[in-house]
Amino acid sequence: MRFLLQRTVFYLFTAWAAITLNFFIPRLVPGDPVQSLITRNQGRISADAIESLRVLFGLDRNDSLWEQYLDYWRQLLHGDLGLSFTFFPAPVSTVIGDSLPWTVGLVGITTIVSFLLGTALGVGAGWRRGSWIDGLLPATTFLSSIPYFWLGLVAIAVFAGPGSFFPSSGGYEAGLVPAFDQYFIPSAIQHSILPAATILVSSMSGWILSMRNMMVTVSSEDYITVAHAKGLSERRVALSYAARNALLPNVSGFALSLGFIVGGTLLVEIVFSYPGLGYQLFQAVGSKDYPLMQGIFLIITISVLVANLLADVAYLLLDPRTRKS
Amino acid sequence: MTDPVLEIRGLRVDYGLGDQAVRAVRDVDLTLHRGEVLGLAGESGSGKSTLAYGLTRLLPPPGVVSGGQVIYHPVDGPPVDVLSLTPAQLRRFRWAETSIVFQGAMNSLNPVHKVATQLLDVIRAHEPKSTPAARLARARELLRLVGIAADRLDSHPHQLSGGMRQRVMIAMALALEPQVVIMDEPTTALDVVMQRQILGQLAELRERLGFAVLFITHDLSLLVEFSDRIAIMYGGRIIEQAPAGQLYRDALHPYTEGLLHSFPALHGPRRELTGIPGSPPDLRAMPSGCAFHPRCPKAFDPCDETLPPLGPPGDGRPDRTVACWLHPVATPR
Amino acid sequence: MTISPSSIEQVIPGQGAMAQPSATPGRTKRRRLRFVANAKAATGLAILGIYCLFAVIGPWVAPYDPDARSGDVLQAPSASHWFGTTHLGQDIFSQILVGARSVMVVGLLAGVLATILSILIGVTAGYLGGVTDEGLSAMSNVFLVIPALPLIIIVTSIVEQASDTLVALIIGLTSWAWGARVLRAQTLSLRRRDYVEAARATGERTWRIILFEILPNLTAIIASGFVGTVIFAVMSEITLAFIGISSISSWNWGTILFWAQGQQALAQGAWWWFVPAGLAIAVLGTALALINFGIDEFVSPRLRTGGRTRIRTADGRTVRMRVGFTPVLAPKPAVPAPREAAPRVDGAR
């Protein structure tokens with residue numbers, strides 16, 4: 001379990017680094033960002049909001065940076081991420097709490113499905129080199145080079161529109177109340193099909209390709225030759241010997257690329273006005289809602305760290321060599 | 001002598017196709033008799049491993065078998081041409097009739113599966129009707145045979161030492177009681193003590209189980225001690241073949257002589273170590289005539305023109321063959 | 001917008017018992033040429049060349065001023081406006097041409113910056129080892145795990161109307177970690193090679209060893225890392241422009257998409273507004289990916305697709321070459337090898 005402990009310590013360290021980064025970013029803003037916000041939104045910001053912003057930017061006190069940092073941590077540990085400026089007076093934590101399930105549902109599930117499906121196809125492509133799957137590789141390369149959000153735009157243009165089964169925006173039918181009932185759930189699924197397909201199409205090819213290349217590399221290992229020499233069935237050699245070993249680097253690659261993937265998939269939410277974190281971030285950026293932006297960045301980072309830890313556990317279960325007692 | 005179990009006739013193995021093909025094994029004839037140890041020696045690049053992988057059809061792309069026959073004689077039933085088996089037939093043939101112990105003890109075992117899994121899956125693949133309990137009992141018995149405690153079945157390869165791994169491989173090779181075991185540098189990666197231990201064990205097992213061994217190594221001194229007969233390969237061809245003792249005492253081919261002088265003798269009088277000047281031939285551009293002539297201290301007229309045929313030398317020793325103009329074949333057609 | 005893990009990292013030199021004769025060291029020059037001969041790399045490089053050309057001459061050859069409004073509002077593609085017009089009557093073809101420069105400049109600048117950082121950090125960590133290595137490795141792992149795009153979005157949004165250079169700077173500073181990680185691993189293994197050990201034993205200076213013994217062997221990995229970063233930088237820049245964070249007064253393909261999205265191009269059926277920009281990005285991304293495949297295949301030839309994989313065997317069927325079942329070729333007419341009158345005598349008989 002040493003491995004897992006090491007990883008946990010590393011993720012805690014990363015979380016600390018991200019939080020510290022989060023603390024410093026607004027302090028790097030030149031001038032008085034709050035003042036410029038006030039002038040820009042003349043009269044539309046309440047006094048409370050201004051106060052909350054000043055706390056965030058560390059402009060209201062004469063405390064040293066260190067004291068501000070400690071204060072920041074104190075707030076954070078109480079789950080206090082500040083007040084959202086756009087949704088004033090809603091706290092950032094509430095806004096995030098509302099949108100997080102949508103993102104976990106859409107991005108989380110499609111990322112995992114994409115990895116599993118892409119890996120399975122990659123096993124086929126790598127094992128049967130020169131078969132028809134190899135012919136698909138150029139097409140998948142092209143698909144993976146398309147920005148997710150643009151593919152989303154095209155998907156909306158082609159599939160959505162008046163009278164279409166696929167809605168072009170939102171996470172559920174307007175007028176429904178989010179609840180686990182027979183009206184809401186089908187509607188939520190209907191709204192998620194198109195964004196999910198968009199993410200799937202453009203993220204899967206990376207996994208196909210990396211798994212194919214790992215299969216090709218592993219296929220020349222001695223133990224594959226031994227497996228053939230043993231007269232095992234094609235299926236067993238391909239799955240239990242080749243794919244089983246090729247999976248290991250792919251899983252660690254999955255953990256490492258999570259940060260990249262999540263960043264990209266969040267944009268799909270913007271195009272589909274899907275009520276998740278990405279769309280929320282988009283709106284926060286548009287209205288310079290710094291507390292919300294920071295909160296979202298923090299929560300995305302921590303989610304990615306947790307996902308990484310889960311991927312590490314999966315790796316641990318797959319590779320006996322890291323399982324030293 | 002006993003009857004043959006594996007006959008290789010005119011085997012050719014290439015890397016690549018058409019004009020770019022590199023001919024790594026050229027018209028090799030070799031016979032392995034039931035229960036004997038046949039040593040195959042040569043420098044790296046001489047084609048000895050390619051021969052082994054070619055005859056078992058395990059050579060990865062771009063390797064191809066471009067000609068010849070490999071005839072296997074089962075204990076009962078008609079002979080089988082290994083090169084004309086379909087993949088399904090080949091799968092059934094493999095390991096049950098000929099098994100292989102590979103060079104790299106480190107990489108021969110699947111790192112993610114337990115020893116038990118890897119021993120049991122081969123038994124199950126070939127004897128699907130056996131019960132799990134019977135298979136497990138066999139696996140335990142096999143490990144005991146090579147001197148490993150049965151509780152090692154639950155170990156993963158990385159938990160075993162190099163010597164243990166190679167012994168597991170040997171146990172695995174004997175799992176289906178094959179008639180032929182091919183060993184490709186089985187002890188090269190191990191230290192000398194472990195090497196001798198394993199070879200001793202192997203000799204003992206062969207005595208008991210009666211399988212034939214094709215033993216491939218670059219270490220001729222090892223073969224002299226361990227094998228019944230030795231064949232020497234150079235540039236993709238067999239250039240000399242003789243009973244081990246005869247070859248050691250009286251090597252006919254200058255290359256064999258050179259090889260013998262490249263290793264310290266384990267027993268007997270000390271000899272000067274000289275080695276062989278020059279380097280092995282480039283398979284892409286083989287010298288004309290005898291492939292060895294550019295390095296041969298005794299080369300003379302015909303050597304760079306005509307390839308010497310392999311056959312019993314004229315001075316009458318019918319149990320050995322050589323391909324050298326110094327010892328022309330007795331009855332050249 | 002994923003960065004697929006490069007397989008270079010996983011290529012293990014020497015493949016055990018089955019290793020085939022490899023090219024001799026003296027052939028590096030020919031191998032370099034062979035890289036260009038690789039169809040994928042050649043295609044990618046050619047497309048990239050065209051893009052670079054447009055980045056240079058784009059603003060001059062553009063038929064219209066990309067900002068100039070006209071009466072032809074929201075026109076479909078025609079002879080006078082190849083890619084149609086916007087809601088203000090601006091020529092989209094001109095916007096694409098002018099925007100190419102910004103895209104290429106940011107992509108290359110960020111790529112160069114990230115590559116330099118990754119070499120400095122990765123090679124230093126791998127070569128020096130010890131505490132330095134642990135510190136630098138931890139730092140690059142942190143940067144690797146933190147989602148880069150949200151970070152870039154937030155940092156950029158703090159700066160009002162970020163310029164291209166600033167965007168490139170921010171992207172470059174946040175995206176070096178992958179390259180550093182791969183380079184560190186490779187340097188670590190190079191450092192243990194005999195010739196490096198020998199150079200160290202003879203008292204060669206560290207910087208000389210790194211410059212002359214280590215770096216030349218990392219060329220392929222550095223190149224592939226550079227290309228990967230350029231892909232990421234281009235995608236990030238376009239994303240920033242698309243969500244309206246970076247300066248919207250200068251043109252790049254993301255800006256075009258920003259206006260198209262903002263003006264409901266989709267709802268109005270103005271497909272020409274967003275399709276050309278997206279295709280331009282996708283083709284550039286494909287070209288860069290192809291170059292990277294070329295590098296991958298150059299480093300480990302086994303990954304190559306195509307080539308002759310099907311052959312006719314002795315039993316008259318066509319089979320795919322594969323591991324585990326060496327094909328037996330159809331016998332040619334039995335011509336004995338030249339000058340070989342070998343009687344098939346078996347020694348033991």
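Where is G269(C) found? G269(C) sits in the loop between α10 (253-262) and α11 of chain C. This is a predicted model, in which local features need pLDDT of at least 70, side-chain atom pairs count only at pLDDT 80 or more, and totals for chains, interfaces and linings use all residues. Residues are numbered from 1 along each chain as its sequence is written, while chains are lettered from A and ligands numbered from 1 in the order in which they are written.

Let us stay with that glycine for a moment. G269(C) counts as partly exposed because it has 13 C-beta neighbours inside 10 Å. (A residue is buried if 20 or more other C-beta atoms lie within 10 Å of its own, exposed if 12 or fewer, and partly exposed in between, with C-beta atoms placed from the backbone.) G269(C) and L74(C) are 195 residues apart in sequence, yet their C-alpha atoms are 9.9 Å apart in space.

**Chains A and C**

Helices (H or I, at least four residues) and strands (E, at least two) are DSSP runs, numbered from the N terminus. Chain C has eleven helices and two strands, and its elements run α-α-α-α-α-α-α-α-α-α-α-β-β from the N terminus on. Chain A has twelve helices and zero strands. Of the 349 residues of chain C, 49% count as buried; of the 325 residues of chain A, 48% do.

Two residues are in contact if their C-beta atoms, placed from the backbone, lie within 7 Å. Take the contacts between residues at least 6 apart in sequence: in chain C, 69% of them join residues at least 24 apart, and in chain A the share is 73%.

How many residues does each chain bring to the contact between chain C and chain A? The contact takes 53 residues from chain C and 64 residues from chain A. On the side of chain C, α4 (130-145), α5 (148-158), α9 (206-242) and α11 (271-299) each supply at least two residues. Of these, α5(C) gives the most, with nine residues. By class, the side of chain C that touches chain A has 34 nonpolar, 16 polar and three charged residues. (Ala, Val, Leu, Ile, Met, Phe, Trp, Tyr, Cys and Pro count as nonpolar, Asp, Glu, Lys and Arg as charged, and the others, Gly among them, as polar.)

**Helices side by side**

Two packed helices are described by the angle between their axes and the distance between the axes. Axes are lines fitted to C-alpha atoms, for helices over the stretch in contact, and angles run from 0 to 180 degrees between N-to-C directions.

| Helix pair | Angle | Axis distance |
|---|---|---|
| α11 (277-286) and α12 (290-318) of chain A | about 150 degrees | 9 Å |
| α7 (177-191) and α9 of chain C | roughly 165 degrees | within 10 Å |
| α3 (92-128) and α7 of chain C | about 35 degrees | 7 Å |

Its angle makes α11(A) roughly antiparallel to α12(A), and α7(C) is likewise roughly antiparallel to α9(C). (Angles under 35 degrees count as roughly parallel, over 145 as roughly antiparallel, 65 to 115 as roughly perpendicular and the rest as oblique.)

A crossing is left-handed if the near helix is turned anticlockwise from the far one by less than a right angle, and right-handed if clockwise. The crossing of α11(A) and α12(A) is left-handed, whereas α7(C) and α9(C) cross in a right-handed way. The crossing of α3(C) and α7(C) is right-handed too.

Which residues meet between α11(A) and α12(A)? L277(A), Q280(A), L281(A), A284(A) and V285(A) of α11(A) meet L292(A), M293(A), I296(A), I299(A) and I300(A) of α12(A). That contact has nine nonpolar, one polar and no charged residues.

In chain C, the residues of α3(C) that meet α7(C) include A114(C), T115(C) and S118(C), and those of α7(C) include R181(C), R184(C) and R191(C). The residues of this contact divide into nine nonpolar, six polar and three charged.

**Two domains in chain B**

Chain B is divided into domain 1 (4-97 + 179-322) and domain 2 (105-177), with bounds that come from an automatic or database domain assignment. The C-alpha centres of the two domains lie 28 Å apart. Their contact takes twelve residues from domain 1 of chain B and 16 residues from domain 2 of chain B. On the side of domain 1, helix α6 (residues 192-209) of chain B gives the most, with six residues.
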